[in-house]
Every structure is written in structure tokens, then in C-alpha cells.
Amino acid sequence: MSSRPERPHGRPEAGRVASHLAVMGAVAVVMGVLTACLAIPFAGLVGVAAKDVSKGMVNLPESLEAKDLSQKTRIYDVNGNLIASLYDQNRINVPLKSISRPMVKAIVAIEDYRFYDHGALDLKGTLRAFITNQANGGAVQGGSSITQQMVKQTLLYQAETDEEKAAATEETYARKIRELRYAIAFEKNHTKDWILERYLNIAYFGDGAFGVQAAAVHFFSKNAKDLNLLEAATLAGLVKNPVGYDPVDNPERAESRRNVVLDRLAQLGVLSEKKADRLKGAPIKKTLKVKASPNGCQQSSAPFFCDYVVNWLLKDPVLGDTPKERRRTLNNGGLTIKTTIDLDMQKAADEAVKAHVYQTDQAIGGLAMVEPGTGDVRALAQSRPMGKDKKGGETYLNYTVPKKYGDANGFQAGSTFKLFVLAAAINQGIPLSTSIPSPQTMHFDDWDFETCDGPYAGDQKGWDPENSTGAGTFDLYSGTQHSVNTFFAQLETRTGMCEPLELAKQMGVKVPKAQQVPSWILGVSDADPLTMAQAYATFAARGLHCDPRPVTEVLDSSGQPLKDFSSQCEQVMPGATADAVNSILRGVMEPGGFGQNIAIDKPSAGKTGTNNSNMAVWFVGYTPKLATAAMVAGANEFGEWVSLNGQTVGGSYISSAFGSTVAGPIWGDAMSAISAKLPDEDFQAPAGDEIAGVLTPVPDVSGQTVEAATQQLQAAGFTVADGGQVNSEVTAGNVAYSSPGAGTSLSSGDTVTLYTSTGYVPPPKKGGKGKGKGRGRGGR
């Protein structure tokens, strides 16, 4: 058999059409042969006249619609690495030109060597099969052409009911008539190459591999276009009996069948008998390189991120009008899904969570990473792996994402919610230097808090917050860094509840109506790591909030864009407001702050969170380019809340849980592991002329001209005053020093006095020290 050139996919030549007409006329005669091949007793055909057969042919539809074959969907990370596959049938369609010539020759040789010479029915082949089968007393050779086999596979594939499936496989002459009628139509309307291509893509090759491409990848870890003659002979031999000839489970039978294909190729002159004998000597086990074909998210390297992607896309009508249609598209549409996950960050997240919370602990650890300015979700990790063994610590609940994507309720986020009031206060012009005496406990009446509709009208019992970090007088810096409850309760009376709640909503945190009470700022609402990470990413992005985005693009089975998912972002606060929040929160990571022991080697900011009874603790921190939320919540195997106090979590006993000591180390380990991937970028300092009360170090202006020094100080937000002249070695007329001196932290709007130099320092008096006022460069 020689290699034939591929013909264009148009209508076949006139000679083949004539061949189809001849087939129609010969059907009645051939029916006896068909029956014999099917091992149906001739008695079953008594009384069946040729006109009945013809009538059966006429009553069938003229053609069979060949629907698109299902293909597996593949999900990739941000760098193009495969992280998961979804499929009902493991299939990847490929054109005939992407299938190696040895594979094409092998399948044609063993299944229908006259495929390119006959029409829908190979009369010679059918008669040969009949004679051979009779001589051997049973079914040895099949009489169906490749076209008829393709029809059978198509009918079975497209069967939607049990009755249709039974009809596609029943051993009756009625099925053969039906297949022949449709085969004639296919041969009339399509080229041989089209038919062979569909056959090679629809055929089942065993061990879950549908189509030659999936089979090549599964059994030999290569593409169909790269199959050699030995591998092609192995696959060609499988289609007759994919289970019986499975090379993994039945290597001896598979090797024998492969050798039959090689002998057939030699018989047809495709290769020499000498080469065939040499190839037959190769043990089939040594030719295999089996590659597993994982299906679904559970086998993914990032199972809960994969699960989030699937549930996120199931909400998008681009995949179908109903959830059922969308799931069918995901599992059968051969989509290419490009996601935002970074596997380096995912690995760091997984290792950090697992190191601090074990899967069988009465606690759940979770972590989410989000990129500011895009909303791209870089990693999602939780301590309980995906699975059904609850006692073993497994779960199908995704605790890292909102309930509509993961089915988990979430956990109270504690003091992480205070930032919404802080940002609202800055927005409203409340100076950062505002001092508020904050006792250990305070009582507030309901009407102390203003809502969008007027004074809050609660149960008239009021609110009695209590500090866990001590009492004192605090400004917006220290009150936030120490997370003082009575300080924030008083700050909320100044901002009102309306603006902070609206800001939280704009930042992706929705507080249920029933929980919109004065104490909401203590995080009484349930949240999840992804929600808190994307909210805090808003501060890192200087007030630009972006919805979480796990997918950037979806391509259809032909590689054409189905939908591009651009970032959905909105400026929800002035950049200067976010800058001020960042300035305050970076103090948490500096010496004396709660996060000083987990700080990384990049500029960072963060906030702790702890709820009542210490059932959940949080640490949400960020750099200018990555926001990460870590959470540890007490929960039994059923997901029911329990306190973390008195538990052993991650091998360490917890007497009293805090966000900085329990959740913080998870954040620190994960961020340290990927710190090298983060740019060495600092936060922008808040502008003192836009934000009142910004604490800014006084710059060193000694030696500058008065004009230059004034401009620099005003740019930092300070008011400048003239202190007159002082004796100094600094050039006359330039600034000798400032008061307060360089490095002193002041609020924006504070006054810095400049003293200009006379350029002269009087010599010391004999017998005593000079009394000049010169202080030299730098001053105090």
C-alpha cells in the first residue's frame, strides 16, 4: 500500500458516486453475507424480500449529521503550564495532517486496506470476511469498511437515550442497513481524508483514551504526528478490542496483535518482511511510556484554585445559557483556559499553610494572594486537601473563596474591617494626628452612630466595646497599629456608618444588612481570604479596586478567542488616602509593631484580625505588588466553629490565639518564599498638602538656599517659618538648620522654622568658651 496524497475536502469524484449507486443495487444480494458475518441464522431472513430491504433503506434519513466530537478542556497557569484537564471523554481532535503517515498506513492496512479504492461498502472485503469466517467456524475478520465503522462510532457517540445506544450496537442486519445507508451519504458528501480523520478522532483506543492524539499522549507520551511505525502498529491494533488488547493490562495479547498489524503491513508491501520481523522482536513494554491523564480539579497541582476557576466560569453565560450547558461546554468543549495562578506562589502558599496547620487539626488554615492593580489571583491554599475522607481531614469545601464559588460560609474577619473606617476618616479630612483618649471600656448609645438614613436605631441597648491591647490616648497611627477597639468606636462616631460601609462594598466586602450595626467594624461578618486579599490590594494599588480575576482568556477548540476577561477596576478612593493608610499600616511591620517578627525584606504593610472567643485569627498584609491574606479558624471535620484557644494546631499548643502569632507566621513564610519574585518597590509617601496630619520626617535642608529648602518642606506638607539669622559655617544666606531638626516626624501642616547662616562663626574668647549660636550643618 502506498501513501496517498490528501485530497481536498470537497465532493468526491464521479466514479465514487457511481460506486454508491452500484452499492444500493447490490444491497439485497449482500444481505445474506452481512447476516452470515453477524452470525445470524439464515432462518431469520426467511420471507425477507429485496423490496423490504430497499424500503428500509428509503425510509432512513438521507444523511447523518456528524456532530462535533467532545474534547477535553485544559487549564493553564500564567506561564502556560498545564494545571488541570476536564473531560467526559479524554480526546483532543487533530487534523489528518497532524497524524503521522505510519499511523495512517497502519490503521488503513489492518482495518480497511482498500479504503481509498471502494465506496461505502467494500464488496470484496465483505465477501472475503464471509469466506474466512465460514472456513474458521466463527467471526475472525470484520467486513465493515472504515466508513461504516465511523458511522457506528458516530451513532453510538451521539446516542442520547438507552434505546439509541442499544440500537447503535445491536447485532442485527437492521443496524447494518442503517450504517450502510449513512455510510453512503458520508461517502457522497465528504472526501476519504475527511472520513479517515473523523474515524481516527472518534475511535476508542482503550484505557480512557479517545482518538489517536489522546492515545499517543497516553501510551507513548508524544503527539500523534510523531508516532513511529512500531507505535502506530500498536495503536492500530487496539481499535478492534481496546480492552482485550490493552498494552498495560494485557501486554502479551497487545504484542501479538501489534505483530499481526506489522505482518499485514509487510503483506501489503508497506515495509519489508525483514523489517517487520525486526520490529516484532521489540518487547511492547519497552516501547510504552504511559502518561496519566488526570481528570478534574482533585488531581490538579492547585485543586482549590482549579475549583474556583470552574465555579467562576459556570457563572458566565458565554459558555451557555444554563449552568448545565456551561458544565457540558467545560467538560466537552475542548477549551483552553488561561488563568492567573503563579505556581511558584502557589507552592509557597501550600507549604506555608501545611507547615502551620495540619489537615486533621481542629482548625482550617487558608491563604490567598492577589495582585494589586489587576485583581489577578496568584494563589489559593488551604490546610484541608480536596477529598471525601472527612476523618482524614479532607473536604470539598473551598474555604479560601466566597460561598458562591466554594460553598463554605467563611469566618469572621475581626479587626481587619477597621481599615474601612480608617480610610473613610482620612477621606473626610480627619487629621492623622488626631488624638483620642481611649479607655479600656466605653459605652455608646445607638444614636451615637449615624447611618445613611439618620441616627442608628438599634435595640436601644447600645454597645460596650472593650480593648484587648490596653488603654491610652492614640492618634490614627497608633490607634490603628495597636488595633484599639474604643479608639475605633469613637472614630466611627465621627465618620458615621454610611461612608465606611459603602467603601467596604466598593472594595468587594459586602456586609449583610442584619450585620450593619455599630460593632461591624470589629469584623462580625463572615469573610474569606480571597475577599480580604482583594480588598487590601486596593490600598496597595493607591485606591484602585479590582475584582478578583482567576481567568484572563478562554479559547475554543480551534484556538480562537471565545472571551477575553479584562481586569474590572474602579478608583474607589483618592490615591492620597490609600497612601496614608499604607503609611499607617507599614508601622505594623516595623519595630514595635505586631508584625515585626514576620516582616519580609521588601517594604510591606499589614493588619491583624481576631474575633470573639478567638475562633478565627487573621493577618492581611501586602507589598505594592502583592496582597496576601492568611487565616486560621477553629473548625471540626464538619466545618463547625470551635475556639482556637487550648488547641494544638500545626504541632504547637495555643493558649490564646492572635492574628500576629497564629496567622501571621503563615503570611511571613509564604511571602518570604516568593520575595525574590517581588520588585523592590516602596509605597508612595502620603502628600501632606492633601492629607491632614501626615506624620512625615523633616528632610535635611541644611546648606540649601532658603528658596530650595522652602520648596522641599512645603512639598512634604509642612508650613515654613523664618527664624532669622544664626552664626554658622554654612554659606551666608543659606539654611544653617531647621527646627525641629532633620528626621523629626511631624504631622502635615506642622511648622518647620528655618534659620539662615551669617557665614561667620566668632572665634572663642581667650580663657573661655565662645557664646556663638552656630550649630553647624545638620543642626538638631
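Biologist: What relative accessibility does E590 have?
Modeller: Bear in mind that this is a predicted model, where local features need pLDDT of at least 70 and side-chain atom pairs count only at pLDDT 80 or more, while totals for chains, interfaces and linings use all residues. Residues are numbered from 1 along each chain as its sequence is written, and side-chain values use heavy atoms, with hydrogens and water left out. E590 counts as partly exposed, a class between buried (under 20% relative accessible area) and exposed (over 50%), using a 1.4 Å probe and protein chains only. Its relative accessibility is 37%.

Biologist: Which residue forms a salt bridge with E590?
Modeller: A salt bridge here is a side-chain nitrogen of Lys or Arg within 4 Å of a carboxyl oxygen of Asp or Glu. The closest N and O atoms are 3.7 Å apart. The partner is partly exposed at 22% relative accessible area, and it's R586.

Biologist: How far apart are the closest N and O atoms of D682 and R586?
Modeller: These two form a salt bridge, at 3.0 Å.
D682 sits in the loop between α24 (659-673) and β23 (696-697), R586 in the loop between α23 (575-585) and β18 (605-610), so the pair ties together parts 96 residues apart in sequence; helices (H or I, at least four residues) and strands (E, at least two) are DSSP runs numbered from the N terminus. D682 is partly exposed, at 44%. The N and O separation, again, is 3.0 Å.

Biologist: Which helix holds both K280 and D277?
Modeller: They form a salt bridge with closest N and O atoms 3.7 Å apart. K280 is partly exposed at 22%, and D277 is partly exposed at 48%. Being 3 residues apart, they are separated by about one helical turn, in helix α12.

Biologist: How many salt bridges does the rule give?
Modeller: Some link up: E371, D376, R378 and R549 are joined in a network. By this rule, the count comes to 19.

Biologist: How many residues are in the largest nonpolar core?
Modeller: A nonpolar core is a set of buried Ala, Val, Leu, Ile, Met, Phe, Trp, Tyr and Cys residues joined through side-chain atoms within 4.5 Å. L313, L476, W520, M532 and Y622 have the most contacts inside the largest one, contact meaning heavy atoms within 4.5 Å. The size of that core is 129 residues.

Biologist: How many residues does the second, separate core have?
Modeller: This core includes I107, I146, L227 and A232. The number is 59.
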